[in-house]
Amino acid sequence: MPDTKIVYHKQFLTDYPTASVEQPERIRVIHQELSSHGYEFVTPEPALEADILLVHKPRLFESEKRDIDRFNTALLSAGGAIMTAEIALEETPAFGLIRPPGHHASPDSNWGFCFFNNSAIAVEKMIVEKKIKRAVILDIDLHFGDGTDNFFSNRDDVTVVNIQSDNALIALAEVKDGLERAAPFDIICVSAGFDKYIKDWGGTFTTDDYKTIGKIVKESADKFANGRRFALLEGGYYIPDLGINALNLIEGME
Ligand SMILES: [Zn+2]
């Protein structure tokens, strides 16, 4: 059985109101791929209100209650992110197969199919609970993770690295250099969007490139963070290859 633990709940298949491309099928195809490769799945609990308020304003939290199915799924997604980080703290690599995504959720606003910022909540919770002092969030999604950046931009304990180039070789170098420059840190959180895939909107990374990114993350985690590393699903809309791309990132990180 592979070492990496996958945080997953069937509630992530809920068809809550959102953009049609951000569909439950995204979760189903990744789950199917990882199941067929023998991965162990673990079940998260919903995040608490206090966890969400580590990052978000009460006004935003309250306003999300207008759709209760989506609200509950977003709480579970944030809880899944927290659980994924906790597994990584034990030096076991982990992947949060969670939905909705989070990196476009800022403290007081959100957009882009995101409601609560999963990676920011998971990282901030580890910091306030003094489980880590420093973290790097590596965002490999096609889109700039504005929500994550808005939350951490004035902080020197969390570095957010976004990958900008649409040239795969340059983008892979940005991954490596970004992690090197962010060091030292105690854990790596990957905001794992797959929409920069060559057949997805971004037209950049191949399936092999996702494995290479995973390997860079593992090497960097081994060098700087006692191997502590985890990834959380963000975007990725090319359904036929979403499972294999997630598998390759996870295999690379292992
Ligand atoms: Zn995206």
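Tutor: A salt bridge here is a side-chain nitrogen of Lys or Arg within 4 Å of a carboxyl oxygen of Asp or Glu. This is a predicted model, where local features need pLDDT of at least 70 and side-chain atom pairs 80 or more, while totals for chains, interfaces and linings use all residues. Residues are numbered from 1 along each chain as its sequence is written, and side-chain values use heavy atoms, leaving out hydrogens and water.

Student: Got it. How many salt bridges does a search of the whole structure find?

Tutor: The search turns up 16 of them. In one, the side chains of Arg59 and Asp108 come together at 3.1 Å, N to O. That pair ties distant parts of the chain, with Arg59 in helix α3 (residues 58–63) and Asp108 in the loop between β3 and α5, 49 residues apart. Helices (H or I, at least four residues) and strands (E, at least two) are DSSP runs, numbered from the N terminus.

Student: How far apart are the closest N and O atoms of Glu64 and Arg66?

Tutor: They are 4.0 Å apart, and the two residues form a salt bridge. Glu64 is buried at 3%, whereas Arg66 is exposed at 58%.

Student: Which residues are linked in a network of salt bridges?

Tutor: Asp51, Lys125, Glu129 and Lys131 are.

Student: How many residues of α5 are buried?

Tutor: Ten of its eleven, so α5 is mostly covered. Just after α5, Lys130 adopts a positive phi of about 60°.

Student: Changing topic: which residues are the protein donors of the zinc ion?

Tutor: Asp141 (OD), His143 (ND1) and Asp195 (OD), lying 2.0 to 2.1 Å from the zinc. Donors are N, O and S atoms within 2.8 Å of the metal (3.2 Å for Na, K and Ca); water is not among the atoms, and sites may look incomplete. Their spacing in sequence is D-x1-H-x51-D. Asp141 is buried at 2%, while His143 is partly exposed at 28%.

Student: What does His104 touch?

Tutor: Among its contacts (heavy atoms within 4.5 Å) are the zinc donor His143, plus Trp111, Cys114 and Phe144, leaving aside residues up to four places away in sequence. His104 makes side-chain polar contacts with Asp146 at 2.7 Å and with His103 at 3.3 Å. A polar contact is a pair of N or O atoms within 3.5 Å; within protein, one must be able to donate a hydrogen and the other to accept it, and residues adjacent in sequence count only if both atoms are side-chain atoms. His104 lies in the loop between β3 and α5 and is buried at 4%.

Student: Where is Lys211?

Tutor: Lys211 is in helix α8 (residues 207–224). At 25% relative accessible area, Lys211 is partly exposed. Its side chain has a polar contact of 3.0 Å with that of Glu251, and Lys211 also touches Asn248, Leu249 and Gly252.

Student: Last one, zooming out: how many helices and strands are there in the protein?

Tutor: Nine helices and seven strands. The radius of gyration is 16 Å, close to the 18 Å that the globule rule gives for 254 residues, so the protein is as compact as a globular protein of that length. That radius is taken over C-alpha atoms, and the rule is 2.2 Å times the number of residues to the power 0.38. Of the 254 residues, 59% count as buried, and the C-alpha trace spans about 45 × 40 × 35 Å along its principal axes.

How values were computed
Buried means under 20% relative accessible area, exposed over 50%, partly exposed in between (1.4 Å probe, protein chains only).
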